Amino acid sequence: MDAGDYLSIIAPDETAYDGFVIGLSGAFVLLQNVEDWRLDGVRAFPLSQIADIRHDDVKRGQQAVLEWRRIDRSDRYEWLDLSGFPGLFESARARGATVVVHDEEVCDLGVVIAAGDSAVVLRTIDTGGNWEEEPWSVDYQDIWQVCLGDAYSDVLRAHADRLSD
């Protein structure tokens, strides 16, 4: 696996996520997410949570299609700290980014309030686009992916912000 490769990362639940590798550290693979032949944010996968990686002739062919379509890959998320969960969440907090944290059972969408040594605390947004009252804490050991910059969370965040103004 190299930066720029188009591949599938297979999660523990056997779901496949397709995209371009745009970051790699000792802790994470950062995948520029591709949905329906377009870019849709990024996904940070802890290396320990990756069940499999597929980079085969089919993926190389799909990469050729995406390159032929001249997909704009200018936003590489260089600002995102991939050293570990505290750095990842602190860099998202400093940027004011909306995050989607997938844990063992659900996903939580919101903004980072604090990134501790073992957990992240979020101000969450519900699926109706409303800020929730109580902060939510997620233990790092339960997280199997973190998403940023996707259309779904951007729309919900914009709606929640509009209602709170």
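The legends below describe views of one predicted protein model.

**View 1. The fold of the protein.** The protein contains three helices and 10 strands (DSSP runs, with H or I over at least four residues for helices and E over at least two for strands, numbered from the N terminus), and along the sequence these elements follow the pattern β-β-β-β-β-α-α-β-β-β-β-β-α. The radius of gyration, taken over C-alpha atoms, is 16 Å, close to the 15 Å that the globule rule (2.2 Å times the number of residues to the power 0.38) gives for 165 residues, so the protein is as compact as a globular protein of that length.

View 2. Among contacts (heavy atoms within 4.5 Å) with a separation of 6 or more, 52% join residues 24 or more positions apart.

**View 3. The lining of the largest pocket.** A pocket is an open set of points on a 1 Å grid where a 1.4 Å probe fits, with protein on both sides within 12 Å along at least five of seven lines, and its lining residues have an atom within 4 Å of a point. The largest pocket is lined by 22 residues, of which V100, C107, D108, L109 and Y152 lie nearest its centre. Two or more lining residues come from each of β3 (28–35), β4 (38–46), β6 (98–102), β7 (107–115) and α3 (151–164).

**Notes.** Residues are numbered from 1 along each chain as its sequence is written, and side-chain values use heavy atoms, leaving out hydrogens and water. In this predicted model, local features need pLDDT of at least 70 and side-chain atom pairs count only at pLDDT 80 or more, whereas totals for chains, interfaces and linings use all residues.
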